[in-house]
Amino acid sequence: MAKHDHLVALFWVAVSIFICEESIRLDPGSLSNPGPGLIPLGSGLLLGGFGIVLFIRTFRARQEEKETVSKGGIRWQELALALISLIGYAFLLDYLGFLLITLIWMVFICRVGKVGWKKTFFISAVTTSLCYILFAHFLDIRFPQGVFLGF
Amino acid sequence: MDVLGHLTLGFSVILQWPNPGYCFLGVLVGTLIGVLPGLGPVTTIALLLPSTYYLNDTSAIIMLSGVYYGAMYGGSTTSILVNIPGETSSIVTCLDGHKMALQGRAGAALGISAFGSLIGGSISVAGLMIGAGLLAQAALRFGPPEYFALVFMSFSLLIYLSSGSPLKATIMALVGVFLGTIGTDFITGEPRFTYGSLTIMDGIGLVPVIMGVFGIAEVLVNLEGEVKRTVIKPPKFKNLLPNLRDWRDSIAPIFRGTFIGFFLGLLPGGGAIMASFASYAVEKKISKHPEKFGHGAIEGVAGPETANNSAVAACYVPLVSFGIPANVVMALILGALMIHGIRPGPTFIADNPNLFWGVVASMYAGNAMLLVLNLPLIAVWVRLLAIPYSILFPLILLFCVIGVYTIHNNIWELVIMTIFGFIGYMMRKFKYEGAPFAFALVLTPVMENSLRQSLLMSEGSFGIFFSRPIACTLMVAGIILFSLPAVHLLKQRAFGGQIRKDQRL
């Protein structure tokens, strides 16, 4: 991933500009009377400075050596499926209830990991049940009941 | 200092039910996660953090501590038998431990690893008992400038000791500082970067961030391809006991590893990983037969495995004396203490004797339990290694989800965890380390508080950090450490030498 370091450096510079703008809006105060924006402003300025240094270093590094393509790039499909499923779990948890959404989600995530169907259903059912018993009964944690199953 | 009297108090605490149970549970879970890939002590302790709401403070810290040093024991099992480190601190054990196993000496490797860990762990607990008290006395002389200087030096040391690029580690620390400011300003009460969200009004939340960056991200990276594992059959129990020659070759590395581990465990950014690498390097350097290392030298197992356990107890010293965590695990232990309304610092030991001495005594008890768990029950742990990762990872993800949700029953914290899971994944891909980021996130409130108070005291002059002896010493040390990578590079360029990849900024 070395060949993309210069883009990441520019990303940090952009983030630092955002942080500095918002920090000034918060009022950094003065050194003798520091305000709420002082530390964020300081971190933003330093982040921007080091981002620029990284950008320059990355350029020099690219000139000095041949770039090698790193093995194992980003597997976007699995990454997206796993992350979207977690977001979906979060938003459907209250609506479907813990038991139903956990069962569905476990089936989905096992399939993302290419687990066979029989193992998927077995693992999903057993894990969901055990987690419910452990957390809801032994640790007395209240899980959402959902509109369908009501338990 | 009546150490024996306090230790007696500690043992009376650890023998009171349910403390022995929680100690055993902690070391059992620790060994389990040490053996299994995918879950480390950081993620596991973050996962267990919400459940400590339901425990008393002593039981909670005893259990979480057991997880930490239990993981050090468990990690060596997979390193030796499978050549895959169960924990990062057991990476070097693969070099010689697995070679010993291939030569039919798995028993000696496992045995010396367990006994070395017991010896190192026990001696360093003694160091904790004495060192914490002494440092706590020194910490009473610390004011805001000294605390800021200590945090600055800690950041510098962490960045200097980072295994990757110091420049990237610095950037991660600065991002952590910024995220640490999100929430309500503690002086003016003004919300910062919350944009009306109630979820982050008290800050972004350590547990969702840690679970995302270390837990979810680890799973996402491991999903890319399962490493094939060939497990060497574990030896019978009678073959696990090292013979006289093994002891003769290992006793000096064990004692050296104990002191290396203790010293490095004291340092912010040091800890078990650094200790094990340093011990291996020292043993190889001073050995009369360095060519044996990497081919089954028992010294290459004894020293590092002792050092990583010894570092665990040492990590507690800065936490209980100054309230400054030495690494991410200690930051989570700090979180657990704060859940119970306890803020560690110079008066922590005096104000909470049952808690401190109970935890100290639990480390002795826990190390003894681990010897029993790791040697006679080795075959049980080996069976777990046969579980394919395709079955483990959904369980890990589910535990992360439940762990975060149970903090405040807030689905937005699950969203935060997911976002940081993506960020953590990208950090790994672009070779940014998580430790400086997490460290900065935890220490920013202390750093900001001490900096703003110092500037108020000095009416805006930074000279206050250099006019007080302790603060000045720490600031100068921090500046030197921070500048060292750049100085090395400039020297190389000036003398026209070839710059190694690991010397790049």
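**View 1. B:Glu218 is partly exposed, with a relative accessible area of 22%.** In this predicted model, the side chain of B:Glu218 meets that of B:Arg428 in a salt bridge, with a distance of 2.5 Å from N to O. The pair links distant parts of the chain, since B:Glu218 belongs to helix H9 (residues 206-222) of chain B and B:Arg428 to helix H18 (residues 411-429) of chain B, 210 residues apart.

**View 2. B:Arg468 and B:Glu146 form a salt bridge, 2.8 Å from N to O.** B:Arg468 lies in the loop between helix H20 (464-467) and helix H21 (469-494) of chain B, while B:Glu146 lies in helix H7 (residues 144-160) of chain B, so the pair ties together parts that are 322 residues apart in sequence. B:Arg468 is partly exposed, at a relative accessible area of 26%, whereas B:Glu146 counts as buried, at 3% relative accessibility.

**View 3. Helix H11 of chain B holds B:Glu283, which pairs with a residue of helix H10 of chain B.** B:Glu283 forms a salt bridge with B:Arg256, and the closest N and O atoms of the two are 2.9 Å apart. The two residues are 27 residues apart, with B:Arg256 in helix H10 (residues 244-266) of chain B. B:Glu283 is buried at 2% relative accessibility, whereas B:Arg256 is partly exposed, with a relative accessible area of 31%.

**View 4. B:Ser279 is found in helix H11 (residues 271-286) of chain B.** At 0% relative accessibility, B:Ser279 counts as buried. When residues up to four places away in sequence are not counted, B:Ser279 touches B:Gly257, B:Ile260, B:Gly303, B:Pro304 and B:Ala307.

**View 5. Chain A and chain B meet over 65 residues of chain A and 63 residues of chain B.** About 5700 Å² is buried between the two chains, 77% of it on carbon and sulfur atoms. On the side of chain A, A:Ile39, A:Phe50 and A:Arg57 lose the most area to chain B, together 11% of what that side buries.

**View 6. A salt bridge between the chains joins the side chains of A:Asp5 and B:Lys168, at 3.0 Å from N to O.** The elements that give two or more residues to the side of chain A that touches chain B include helix H1 (5-26) and helix H2 (38-64) of chain A. H2(A) gives the most to that side, with 14 residues, and the residues of that side divide into 42 nonpolar, 12 polar and 11 charged.

Terms used: Residues are numbered from 1 along each chain as its sequence is written. Chains are lettered from A and ligands numbered from 1 in the order in which they are written. This is a predicted model: local features need pLDDT of at least 70, side-chain atom pairs count only at pLDDT 80 or more; totals for chains, interfaces and linings use all residues. Side-chain values use heavy atoms; hydrogens and water are left out. Contact means heavy atoms within 4.5 Å. Buried area is the accessible area (1.4 Å probe) that two parts lose on being put together, summed over both. A salt bridge is a side-chain nitrogen of Lys or Arg within 4 Å of a carboxyl oxygen of Asp or Glu. Helices (H or I, at least four residues) and strands (E, at least two) are DSSP runs, numbered from the N terminus. Ala, Val, Leu, Ile, Met, Phe, Trp, Tyr, Cys and Pro count as nonpolar, Asp, Glu, Lys and Arg as charged, and the others, Gly among them, as polar. Buried means under 20% relative accessible area, exposed over 50%, partly exposed in between (1.4 Å probe, protein chains only).
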